[in-house]
Amino acid sequence: MALDRVTFEVPKNAYGNLVDQMSEQLLRTCYSFVIYCRDFSNCLCDAKGNTVMQGSGDIAVHVGTLHFTCKSIIDRFKDDIHPGDVFISNDPYTGGTHFCDVRIVRPVFVEGELIAFTQSNGHWADIGGSTPGSFDINARTHFGEGLRITPMRVYAQGRMLDDVVDMIVGNTRARDDAMGDFLAQCEATRLGEQRLLELVEKYGKDTVLAAFEECQDYVERFAREKLSSLPEGTWKTVDFIDQDPSRPEGLIPIHVELTIKDNKVHYDFAGSHPAIDCFLNGSESSVFSAIVAGTKFFFPEIPLNSGFYRFIDASLPA
């Protein structure tokens, strides 16, 4: 470890507090009842998009996806990220879950250097589509489920892009609620940025960045130590979705094979049913989210960040 244990513990716990403060900010300022019922998650990511810390009250479906969203924004905008920028996405094909889960991502700079991202993900009550609430069991394609927001910029160097934001919230059935939730999420990420800059001022940039790396290494070591106490082997199971709406009555199987070997966990979904004609299919990110949430259930004492993902891999059919 580059940091002594006391110096490491202080920022590690500060990062958890930072993200939970973001959650409290969002809870107190959101407009929609869905977010008020805590259907949201927040996180702190490093400059590469890896998760440094997620909130202590995050919901399972978001776990394991927020780093995908952050990395997709980094890939999309590359060298075109500036202080005061804010980005938005709800795209399941670039790391999201479903259209209602809208992610707001804010880069954090110190003396012109990009050091981190703060991210807030909230379930908007409606994102358009063919039915109120944007859940249409009869939709055969994602176009019936609402507005797909690929990674895009909504603040440019501190200035809100009103036309872009108006286009997004104007495609929902509850425009005022959507705008309120959007602003609440932006403010949550701004609060996270403020708290992180306070830590940089107090402990120095080098210490904060070293703690980013060591938080992830710590979680990986902790998880692998726990994993080493489990027997190696392979286990198989199958579960079912009730029905494909466009086909005759019949269960839809999902096969999972779990292998623990060499201090790693591998999941294989080979043999699962192909895509069905409704919204219950899983994208790569949402399936990985399910894997992480299921694995994390057995290690409740371990904090969650990208270090947890280092010992997990999966084979996912298209």
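Which backbone nitrogen does the side chain of S89 reach? The backbone nitrogen of D91, at 3.3 Å. This is a predicted model: local features need pLDDT of at least 70, side-chain atom pairs count only at pLDDT 80 or more, and totals for chains, interfaces and linings use all residues. Residues are numbered from 1 along each chain as its sequence is written, and side-chain values use heavy atoms, with hydrogens and water left out.

**S89**
- S89 sits in strand β3, residues 86-89 (strands are DSSP E runs of at least two residues; helices are H or I runs of at least four).
- S89 counts as buried because its relative accessibility is 1% (buried is under 20% relative accessible area, with a 1.4 Å probe and protein chains only).
- The S89 side chain also reaches the backbone oxygen of I149, at 3.3 Å.
- Leaving out residues up to four places away in sequence, S89 touches T69, T94, D101, V102, R103, I149, T150 and P151 (contact means heavy atoms within 4.5 Å).

**Helix α3**
- Helix α3 covers residues 66-77, twelve in number.
- From first C-alpha to last, α3 reaches 17 Å, close to the 16 Å expected at 1.5 Å a residue (1.5 Å times one less than the number of residues).
- Buried residues in α3 are L66, H67, T69, C70, S72, I73, I74 and F77.
- K78 follows α3 and has a positive phi, near 45°.

How values were computed:
Buried < 20%, exposed > 50% of the residue type's maximum accessible area, 1.4 Å probe, protein only. Polar contact = N/O pair within 3.5 Å; in protein donor to acceptor, adjacent residues only side chain to side chain.
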